[in-house]
Amino acid sequence: MTKLRLTDILVTVVLSIGFGVIYKIWGPLYNMIKPFGLHADQLIYGMWFMAATVAFLIIRKPGVALLAEIAASSGEFLMGSEWGLEVLLFGIIQGLFAETVFFVTGYKRNSLFIISLAAVMSAIGSILMDMYKGYIGDLAVWNLVLFLGARLLGSVLIAGVGAFYLVKSLEQTGVTNLVRPAEKEDYEALDR
């Protein structure tokens, strides 16, 4: 696996700043859903993990997931996130947890399962952060199970399945070829 080039970094940061804008918009939506109860808000929490999975699916190099989450959380912070500097810490943790999955696979696997697993790991990172903040411990067991289940399901649906098929759609347009280097198969196809 090659190192990140300047182009990879710039594409990741620009893509992630776009996600930062989405994250900023997502905050009020998240807060609007909270009153519905039964942790319905946790079903859409997975959006905050999407920068890492989308960026990795497009760039597919070490460090991209971490960089993407840091850049996205920085963008959200700079636009006035209601959670303040805390979003940067969440971004670092979520990016590290997603990056761990890609590291274990040698940055060579990008199946729906692996992307969903990275989303789940980001969710676990965010849950650990929420545990540190202390409010999860106040939940009754049934409520905690509902909370965890909803966040994990939301992460798989949005940052796993959603990211996977979003990038698949982008691949069909050919736009992802602009940022990926040609592979050996591409050169062999020219010789046929």
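Tutor: Contact here means heavy atoms within 4.5 Å. Keep in mind that this is a predicted model.

Student: Which residues of helix 5 do Thr53, Phe56 and Leu57 in helix 2 meet?

Tutor: Helix 2 covers residues 50-59 and helix 5 covers residues 112-133. From helix 2, the residues named are Thr53, Phe56 and Leu57. By class, this contact has 5 nonpolar, 1 polar and no charged residues. The partners in helix 5 are Ile115, Ala118 and Ala119.

Student: At what angle do the axes of helix 2 and helix 5 cross?

Tutor: Two packed helices are described by the distance between their axes and the angle between them. The axes of helix 2 and helix 5 come within 9 Å. Their crossing is right-handed. The angle is roughly 145°.

Student: How many residues of helix 2 are buried?

Tutor: Buried means under 20% relative accessible area. Among the buried residues are Met50, Val54 and Ile59. The cover over the buried residues of helix 2 includes helix 1, helix 3, helix 4, helix 5 and helix 6. Helix 2 is mostly covered, and the buried count is 10 of 10.

Student: Which residue follows helix 2?

Tutor: The residue that follows helix 2 has a positive phi, near 60°. That residue is Arg60.

Note on methods:
Residues are numbered from 1 along each chain as its sequence is written. This is a predicted model: local features need pLDDT of at least 70, side-chain atom pairs count only at pLDDT 80 or more; totals for chains, interfaces and linings use all residues. Side-chain values use heavy atoms; hydrogens and water are left out. Axes are lines fitted to C-alpha atoms, for helices over the stretch in contact, and angles run from 0 to 180 degrees between N-to-C directions. Helices (H or I, at least four residues) and strands (E, at least two) are DSSP runs, numbered from the N terminus. A crossing is left-handed if the near helix is turned anticlockwise from the far one by less than a right angle, and right-handed if clockwise. Ala, Val, Leu, Ile, Met, Phe, Trp, Tyr, Cys and Pro count as nonpolar, Asp, Glu, Lys and Arg as charged, and the others, Gly among them, as polar. Buried means under 20% relative accessible area, exposed over 50%, partly exposed in between (1.4 Å probe, protein chains only).
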